[in-house]
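Hi there,

Here is the structure I promised to send over. Have a look at it, and then read on for what turned up.

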Amino acid sequence: MAGSTGGVRIEKAVVSGVFSLDGQDFDVDNNVWLVGDDDEVLVIDAPHRAEPILEAIGGRRVTAIVLTHGHNDHITAAVDLREATGAPVWFHPADRVLWEMVHESADPDEALAEGTLFRVAGTSLTALHTPGHSPGSTCLHAPDLAAVFTGDTLFHGGPGATGRSFSDHPTIVRSIRSRLLTLHGDTVVHTGHGEDTRISAEISTVR
């Protein structure tokens, strides 16, 4: 359990697999975040394989599967997870080309956009569109939990990678400065890979 308030808690599952882009493969460990209580959860990202994510869900009702961006290591299990839980997949359409590299014959259910509001277990999460790592990269801010889920936009140590197709460094810096560094400094940053950080700790790393 990463954090909680009342009956709501944040849980993390780590799923290992391969990230593939631009003809290269990398072994990676992905964080899957679950926000909810004993009855229902919202799932953030669906990497590699559905089985360990379903184990973390533990039979609870899944209100939504929200994908932070379209790289294969964040979306490969999305369709299988949807079939197993019946929950809709939310995905930003600006990353559609990346989705189609992985899922040629399936579509996401809902279009994720700036300001999309999710409610689960008595708390809310708001989508923040933060392009740069990819055109559709999106973070989720949970103010009641003093948390933001940043996918690969912001890590412990600075911005996510921008050296591959569909990414841009000046864009990710603008996104982080305008959408993330404006959050309260004590906000915990739950990342797509690696350890947590805080907004205040990353101000000096974004340049």
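**Salt bridges and a buried threonine**

Glu 114 is partly exposed, at 42% relative accessibility (buried means under 20% relative accessible area, exposed over 50%, partly exposed in between, with a 1.4 Å probe and protein chains only). Its partner in a salt bridge is Arg 179, with the closest N and O atoms 2.2 Å apart; a salt bridge is a side-chain nitrogen of Lys or Arg within 4 Å of a carboxyl oxygen of Asp or Glu. Arg 179 lies in helix 5 and Glu 114 in the loop between strand 7 (110–111) and strand 8 (117–120), so the pair ties together parts 65 residues apart in sequence (helices, H or I of at least four residues, and strands, E of at least two, are DSSP runs numbered from the N terminus).

Before going further, please note that this is a predicted model, where local features need pLDDT of at least 70, side-chain atom pairs count only at pLDDT 80 or more, and totals for chains, interfaces and linings use all residues. Residues are numbered from 1 along each chain as its sequence is written, and side-chain values use heavy atoms, leaving out hydrogens and water.

The whole structure holds eight salt bridges. Arg 9 pairs with Glu 11 (3.5 Å, N to O) and also with Asp 38 (2.8 Å, N to O).

Thr 153 sits in the loop between strand 11 (147–151) and strand 12 (154–155), and is buried at 1% relative accessible area.

Best wishes
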